[in-house]
Amino acid sequence: MSYRRTIKLVCGFAGGSAVLVVAAAAAESRGYFGDKQGERSGQWSRFNILQAAQPATWSTGNHTVASTGHAWDFNWDKRDPSPLFTNGKKKENSSEDPSSEQENGKPKATRNILFIRHSQYNLSGNGDHERILTPLGREQAEFTGQRLAALGLKYDIMVYSTMARATETANIISKYLPGVELVSCDLLREGAPIEPVPPVNHWKPDAVRSEVISNPRLTPPLWTSTALQQYHEDGARIEAAFRRYIHRADPKQKEDSYEIIVCHANVIRYFVCRALQFPPEGWLRMGLNNGSITWLTVRPSGRVALRTLGDSGFMPPDKLTRT
């Protein structure tokens with residue numbers, strides 16, 4: 001059997017790792033590593049460079065990634081009807097058949113939640129009312145509105161943060177989605193959801209930044225209490241927003257829904273971590289462009305899928321920002 005045919009045969013049975021080993025053996029026997037054919041001293045040491053391509057069971061150590069041990073909580077949103085029943089019977093007396101009542105209480109529709117990060121805004125504005133969208137930011141919102149319309153989805157509602165930049169972004173997008181109800185919500189305002197891990201130097205809660213600007217001599221120990229207070233206050237509010245908007249469908253909902261939430265990067269990143277049951281303190285490890293789309297799907301079973309994270313590929317490259 002020819003050398004080329006041998007390689008193809010091994011590839012068919014054992015996969016790419018085996019091919020590398022066989023190819024290396026053939027190369028060794030032909031002297032491609034610098035030795036003459038037949039010299040075996042140090043041969044196996046040369047195979048060390050191939051260990052990374054071999055399955056873990058082939059090497060002396062166990063390189064299998066260990067599970068964290070944290071099982072998926074199917075009742076993360078407290079809307080699973082199963083806990084209401086014990087051994088097929090409802091905990092409280094009921095004249096209805098328990099199995100039928102439990103089936104009727106199960107969600108049957110899928111919720112699609114599309115988060116939109118607000119467009120670029122005036123960072124130097126004095127207060128929220130002056131932090132309105134820049135000309136580029138308004139252009140970004142136009143692109144986002146066009147993209148949402150092009151998806152051809154039947155949107156049920158658009159909820160937006162009451163901060164100026166999010167409100168303006170939502171109003172521009174709504175031009176492309178006539179008939180979609182607009183609702184504002186204070187819970188979705190930007191904030192500091194939870195202290196990020198690992199710690200970072202490039203980001204601080206708003207209250208801390210204000211203190212540092214007014215007194216540049218402040219050192220971390222002096223503004224730690226301010227930061228902790230903002231995490232405590234903002235975190236409770238943002239968590240309340242998560243519980244209000246991120247959950248499986250109501251059992252009465254018959255058709256799949258598509259909802260838009262226009263808010264802020266910190267809020268969206270925290271929501272994604274919580275919904276996927278990732279450590280929420282990892283929220284700052286993600287980056288979202290202005291006007292980007294993040295799409296979460298919540299199944300009737302409670303399973304959550306992230307379809308897109310910060311999608312902004314519908315914008316020209318020279319229009320992308322992340323302020």
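In which helix is Thr-144 found? Thr-144 is found in helix 5, where helices (H or I, at least four residues) and strands (E, at least two) are DSSP runs numbered from the N terminus. The model described here is predicted, so that local features need pLDDT of at least 70 and side-chain atom pairs count only at pLDDT 80 or more, whereas totals for chains, interfaces and linings use all residues. Residues are numbered from 1 along each chain as its sequence is written, and side-chain values use heavy atoms, with hydrogens and water left out.

Helix 5 covers residues 135-150, a run of 16 residues, and its first and last C-alpha atoms are 23 Å apart, close to the 22 Å expected at 1.5 Å a residue; the expected span is 1.5 Å times one less than the number of residues. Thr-144 has a relative accessible area of 0% and is therefore buried, a term that means under 20% relative accessible area, with exposed meaning over 50% and partly exposed lying in between (1.4 Å probe, protein chains only). The buried residues of helix 5 also include Gly-137, Gln-140, Ala-141, Phe-143, Gly-145 and Leu-148. The buried residues of this helix pack against strand 3 (111-117), helix 6 (164-174), strand 6 (257-263) and strand 7 (293-298). When neighbours within four places in sequence are left aside, Thr-144 is in contact (heavy atoms within 4.5 Å) with Ile-116, Ile-173, Gly-291, Ile-293, Phe-314 and Met-315. A polar atom of the Thr-144 side chain lies 2.8 Å from the backbone oxygen of Gly-291. Helix 5 is followed by Gly-152, which has a positive phi near 70°.

Helix 6 contains Ile-172, which counts as buried because its relative accessibility is 11%. Although Ile-172 and Glu-142 are 30 residues apart in sequence, their C-alpha atoms are 6.4 Å apart in space. Not counting residues up to four places away in sequence, Ile-172 touches Leu-133, Arg-138, Ala-141 and Glu-142.

In the loop between strand 3 and helix 5 is His-118, which has a relative accessibility of 1% and so counts as buried. The side chains of His-118 and Arg-165 are joined by a polar contact of 3.3 Å, that is, a pair of N or O atoms within 3.5 Å, of which, within protein, one must be able to donate a hydrogen and the other to accept it, while residues adjacent in sequence count only if both atoms are side-chain atoms. With neighbours within four places in sequence left aside, the residues in contact with His-118 include Ala-166, Thr-169, Cys-263, His-264, Asn-290 and Gly-291. The charged end of Arg-165 sits over the ring of Tyr-121, 4.2 Å from its centre, and the charged end of Arg-307 sits over the ring of Trp-295, 4.0 Å from its centre; for this description, NZ of Lys or CZ of Arg must be within 6 Å of the ring centre and within 35 degrees of the ring normal.

The structure holds 4 aromatic pairs, in which rings of Phe, Tyr and Trp (its six-membered ring) have centres within 6.5 Å, with planes under 30 degrees apart counted as stacked, over 60 as edge-to-face and the rest as tilted. Trp-76 and Phe-242 form a tilted pair, 6.2 Å centre to centre with 45° between the planes. This pair links distant parts of the chain, as Trp-76 is in the loop between helix 3 (43-46) and strand 1 (85-86), while Phe-242 is in helix 8 (residues 220-245), 166 residues apart.

Phe-271 is among the buried residues of helix 9. Because 10 of the 11 residues of helix 9 (residues 265-275) are buried, this helix is largely enclosed by the rest of the structure. Helix 9 is followed by Gln-277, a residue with a positive phi of about 60° although it is not a glycine. Gln-277 has a relative accessible area of 29% and is therefore partly exposed.
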